[in-house]
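Please read the report below alongside the sequence and the model.

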Amino acid sequence: MSLLDVFSAVCLIGGALSCLLGAIGLLSFPDVLARLQAATKPQTLGLILILVGTAVQLDFVYASGLILVGLFQMLTAPVMAQLVGRAAYRADSIRRDTLVVDELGDRIERERQVR
């Protein structure tokens, strides 16, 4: 077993554990905003670790496709979380007592006053 195989195995196991912890958080967290954290950060990290663990075992031609998948995930996950979070906020689907700072509420209130 080579050092490359060990690195690949560590990345694959770490990625799978990160995805598992994200799924557990998605099921157990109390509101939409906390669930968004569990749906984006550990899932993205887990996917990237799995892709890296797989890519080091492949030729560069095939691994380049995995790199594109990882970049696409890193670009779209934060945007999706932002949009879902804003929609949940506007639909009153979040627990406002858990917010430390409520910048969106202040912005929405200012927009209502202008109209």
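This is a predicted model: local features need pLDDT of at least 70, side-chain atom pairs count only at pLDDT 80 or more; totals for chains, interfaces and linings use all residues.

Residues are numbered from 1 along each chain as its sequence is written, and side-chain values use heavy atoms, with hydrogens and water left out.

**Helix packing**

Helix α1, residues 3-28, packs with helix α2, residues 32-55, at an angle of about 165°, and their axes are 7 Å apart. α1 is therefore roughly antiparallel to α2, a term that applies to angles over 145 degrees, while those under 35 degrees count as roughly parallel, 65 to 115 as roughly perpendicular and the rest as oblique. The contact of α1 with α2 has, by class, 15 nonpolar, 10 polar and one charged residues; here Ala, Val, Leu, Ile, Met, Phe, Trp, Tyr, Cys and Pro count as nonpolar, Asp, Glu, Lys and Arg as charged, and the others, Gly among them, as polar. The axes are lines fitted to C-alpha atoms, for helices over the stretch in contact, with angles running from 0 to 180 degrees between N-to-C directions. Helices are DSSP runs of H or I with at least four residues, strands are runs of E with at least two, and both are numbered from the N terminus.

**A charge over a ring**

Which ring lies under the charged end of Arg96? That of Tyr89, with the charged end of Arg96 4.1 Å from the ring centre; a charge sits over a ring if NZ of Lys or CZ of Arg is within 6 Å of the ring centre and within 35 degrees of the ring normal.

**Single residues**

Asp92, in the loop between α3 and α4 (103-114), has a positive phi of about 55° although it is not a glycine. Most residues other than glycine have a negative phi. Asp92 is exposed, at a relative accessible area of 54%, where exposed means over 50%, buried under 20% and partly exposed in between, with a 1.4 Å probe and protein chains only.

Asp102 lies in the loop between α3 and α4 as well, but counts as partly exposed at 27% relative accessibility. Thr76 belongs to helix α3, residues 60-90, and is partly exposed at 31%. Val32 is in helix α2 and is partly exposed at 24% relative accessibility, while Val6 is in helix α1 and is partly exposed at 37%.

The table lists C-alpha separations for pairs that involve these residues.

| Pair | Separation along the chain | C-alpha separation |
|---|---|---|
| Val6 and Gly53 | 47 residues | 9.5 Å |
| Val32 and Leu17 | 15 residues | 22 Å |
| Thr76 and Cys11 | 65 residues | 22 Å |
| Asp102 and Asp5 | 97 residues | 47 Å |
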